[in-house]
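This briefing sets out computed features of a single protein model. Topics are grouped for reference alongside the displayed coordinates.

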Amino acid sequence: MLNFFIKLFKAINSNSHPGEIAHAVCCGMILGFLPKDNALWYVITVFCLFLRIHKGAFVIFTLLFSLLAPLLDPLFDTIGYWFLTLDFFRPTFSFLLDIPFVGFTKFNNTIVAGSILSSIVLYIPVYWLTRLFIKEWRTFLLPIVRKTKLVKMLSNLPMIKKIGDLV
């Protein structure tokens, strides 16, 4: 797990493309918000593993958003109930439930539908906020953080030097 954090900080501070990290954060948000007991989670996970994204950031933010998801479940439930009860989509949902194995995705669960819908709506804003943060971090915040006494003290520790040499 420590290796993922090291790779993430290395990517944020290096010339790694900010778009790869931002997409990884957004894909981690989608997977983190989704309940883990359905086939849709596994399909999206496999799909994300084939994308050109930063895998360390993907794993870390999937875990972070998974910790946030239980707090947002009532909101997801409300959004999912609203979406699943729209009369316009009722024939589509009935048709999808008749297809074999589609029911295993549990798309008709209000929390699953609400989390997917919320993730899709939040994808673009989270992407741009992440890119903005990476740009600001690289230009302004990193030089300030490197000059702090805490970072200088930690960089002199032998264990931190060994971790830095592994990367």
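Where in the chain is Phe101 found? Phe101 sits in the loop that joins helix H5 (90-98) to H6. The model is a predicted one, and the protein has 8 helices and 0 strands.

**Overall architecture**

- Read from the N terminus, the elements follow the order α-α-α-α-α-α-α-α.
- Of the 167 residues in the protein, 33% are buried.
- Among contacts with a separation of 6 or more, 77% are made by residues 24 or more positions apart.
- The protein has an accessible surface of about 10900 Å², and carbon and sulfur atoms account for 74% of this area.

**Helix H2**

- Helix H2 covers residues 18-33, and its end C-alpha atoms are 23 Å apart.
- This distance agrees with the 22 Å that 16 residues should span at 1.5 Å a residue.
- Because 14 of its 16 residues are buried, H2 is largely enclosed by the rest of the structure.

**Pro35 and its surroundings**

- Pro35 belongs to the loop between H2 and helix H3 (39-49).
- In sequence, Pro35 and Val112 are 77 residues apart, while their C-alpha atoms are 6.5 Å apart in space.
- Apart from neighbours within four places in sequence, Pro35 is in contact with Trp41, Ile111, Val112 and Ser115.

**Packing of H4 with H6**

- Helix H4 (residues 55-84) and helix H6 (residues 110-146) have axes that come within 6 Å and cross at roughly 95 degrees.
- Angles of 65 to 115 degrees count as roughly perpendicular, so H4 is roughly perpendicular to H6.
- On the H4 side, the contact involves Asp73, Phe76, Asp77, Ile79, Gly80, Tyr81, Trp82, Phe83 and Leu84.
- The H6 residues that they meet are Thr110, Ile111, Ala113, Gly114, Ser115, Leu117 and Ser118.
- Sorted by class, the contact of H4 with H6 has 9 nonpolar, 5 polar and 2 charged residues.

- Phe101 has a phi near 70 degrees, which is a positive value in a residue other than glycine.
- The relative accessible area of Phe101 is 65%, and the cut-off for exposed is over 50%, so Phe101 is exposed.
- Lys106 also lies in the loop between H5 and H6.
- Although Lys106 is not a glycine, its phi is positive, at about 55 degrees.
- Lys106 counts as partly exposed because its relative accessibility is 31%.

Key
Residues numbered from 1 in each chain as written. Predicted model: local features only at pLDDT ≥ 70, side-chain atom pairs only at ≥ 80, totals over all residues. Heavy atoms only, no water. Axes fitted to C-alpha atoms, helices over the stretch in contact; angles between N-to-C directions. Helix = DSSP H or I, 4+ residues; strand = E, 2+ residues; numbered from the N terminus. Parallel < 35°, antiparallel > 145°, perpendicular 65-115°, else oblique. Contact = heavy atoms within 4.5 Å. Nonpolar A, V, L, I, M, F, W, Y, C, P; charged D, E, K, R; others polar. Buried < 20%, exposed > 50% of the residue type's maximum accessible area, 1.4 Å probe, protein only. Areas by Shrake-Rupley, 256 points an atom, 1.4 Å probe, with all protein chains shown as cover. Expected span 1.5 Å × (residues − 1).
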